[in-house]
Amino acid sequence: MATESSATTSGNSLHAEVVVLGAGPGGYTAAFRAADLGKRVVLIERYAALGGVCLNVGCIPSKALLHVAHVIHDAEESAPFGIRFAPPEIDLDKLRDWKGRIVKTLNTGLAGLAKQRQVTVVHGLGSFASDREIRVESPEGATTITFDHAIIAAGSTPVKIPGFPYDDPRLMDSTDALELKDVPTRLLIVGGGIIGLEMACFYHALGSKITVVELMDQLIPGCDPELVKPLAQRIQKQYENIFLKTKVSSIQSEEAGLRVAFEGEGAPASDLFDRVLVAVGRKPNGTAIGATSAGIQVDERGFIPVDDKQRTNVPHIFAIGDVVGNPMLAHKATHQGKVAAEVIAGHPSAFQALSIPSVAYTDPEVAWMGLSEAEAKAQGIEFEKAVFPWAASGRALGMGRREGLTKMISDKATKRLLGVGMVGPHAGDLIAEAMLALEMGADVEDIALTIHPHPTLSETFAFAAEMIEGSITDLYVKK
């Protein structure tokens, strides 16, 4: 089904200067940017609404629900301030409707933006028939779209562990978890990465007893352990269990719940849970779009290799977002979408970001960008580091949240910023300043001499720079 045609139409076929396969954040950004640059654009989306996983069943609804979790946690933890609240009364139907209204508002906004730009939207499942043609299947029939250029923005899907009883609705992925069918008494999260811990945060706030099982030796594998530690210490007090270096060996459906068996160094005995959420990562959809019919190279993991112009091995076909490699993050996809559209329009554009920030919207939040301490050591870089504890921040103390920290890595010779990590409330918002400093080539003196408002959490970024520079007065650092 096609709407708002600016493309050339002939029967059940269309011709576009640029066709975009997938309408997630990267896809719709690419389509809108190409249209703004004067191209006739067709945007293909398999589902009824634009926005992809991020808007419909990912980033947006999960962050809305995490806001609810933060409200509940803040109320519970206000007793030391002399303020006590009654336990919350949770209306799941209203909460579900509120989440849905947020998603619908953004869906409607995207549809309006497509209409304003005269982008033709085709709903259905698209796959390449050749290197110049995509066939879209929908309940209304098939549509053939020929094109001058294509941008693949096909995204990713949750990884499923073989042998698990996925026909049992009590076994969930992140999409299922966001449907809020009920609040399980006992919930097992398989995977201690960002998605799993965000869902754990929300369901714990609603009243579930949470157990997290992670195969690696720390939560959020790959993140600086120093940043993970304050989060781990907090949730260990809140959750029923956290098992590291442990895996789920089997899940059996029983009338009373899901019977789960474990393996590993600290593996517990088998246990019964009301629901189990599997959050062990996502896999790219590179093999699901008929890429071979177009001669597009796809690697053994399903990723599509591209250059810094976002070109695939087929010069007039581009790819962006999850399908081109890690990290699988919406903000990476949107920037790559603009690059692809601009290159197609003849602009001298390239994806050359110095870093891509990562954020876990847990409580506390964990955010990082640039090089970590471990990466700097592995690359043989001589560096200096500073760790400013939020226990020395008046703003953090006034919020009752002293567990946070800001960590900075700089080049020892040039003092240029190399990387920053933060853990604490609003760390995801604060990391943007560090990204700007990195992209602008700032050194620690630039940051230390930038006047930050007081009292704020943003000051901790400047304080970390002052620690490296040697001008810190809010702490005593022995020289």
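Predicted model: local features only at pLDDT ≥ 70, side-chain atom pairs only at ≥ 80, totals over all residues.
Student: How are helices α1 and α8 oriented, roughly parallel or roughly antiparallel?

Tutor: Good place to start! Helix α1 covers residues 25–36 and helix α8 covers residues 330–344, and the two pack at an angle of about 30°. Angles under 35 degrees count as roughly parallel. Therefore α1 and α8 are roughly parallel.

Student: How far apart are the axes of α1 and α8, and is their crossing left-handed or right-handed?

Tutor: Two packed helices are described by the angle between their axes and the distance between the axes. For α1 and α8, the axes lie 7 Å apart. Their crossing is right-handed.

Student: Which residue forms a salt bridge with Arg-275, and where in the chain do the two sit?

Tutor: Arg-275 belongs to strand β17 (residues 275–278), while its partner is in the loop between α5 (174–177) and β11 (186–190). The pair links distant parts of the chain, 93 residues apart. The closest N and O atoms are 2.9 Å apart, and the partner is Asp-182.

Student: What is the distance between the closest N and O atoms in the salt bridge of Arg-135 with Glu-137?

Tutor: Both ends of this pair are partly exposed: Arg-135 has a relative accessible area of 38%, and Glu-137 has 39%. A salt bridge needs the nitrogen and carboxyl oxygen within 4 Å. For Arg-135 and Glu-137 the closest N and O atoms are apart by 2.7 Å.

Student: Which residue pairs with Lys-181 in a salt bridge?

Tutor: Lys-181 is partly exposed, at 49% relative accessible area. The closest N and O atoms of the pair are 3.4 Å apart, and the partner is Glu-179.

Student: How many salt bridges does the count come to?

Tutor: Some of the residues form a network: Asp-224, Glu-226, Glu-373, Lys-377, Lys-385 and Lys-407 are linked by salt bridges. For the model, the count comes to 26.

Student: Which residues make the nonpolar surface patch of about 330 Å²?

Tutor: One member lies in the loop between α3 (59–76) and α4 (92–116), namely Ile-83. Patch residues need over 30% relative accessible area, and Ile-83, partly exposed, has 42%. The patch is made by Phe-81, Ile-83 and Phe-85.

Key: Residues numbered from 1 in each chain as written. Heavy atoms only, no water. Patch = residues over 30% accessible without salt bridge, like charges linked within 9 Å, V, L, I, M, F, W, Y side chains within 5 Å. Areas by Shrake-Rupley, 256 points an atom, 1.4 Å probe, with all protein chains shown as cover. Salt bridge = Lys/Arg side-chain N within 4 Å of Asp/Glu carboxyl O. Helix = DSSP H or I, 4+ residues; strand = E, 2+ residues; numbered from the N terminus. Buried < 20%, exposed > 50% of the residue type's maximum accessible area, 1.4 Å probe, protein only. Axes fitted to C-alpha atoms, helices over the stretch in contact; angles between N-to-C directions. Parallel < 35°, antiparallel > 145°, perpendicular 65-115°, else oblique. Left-handed = near helix turned anticlockwise from the far one by under 90°.
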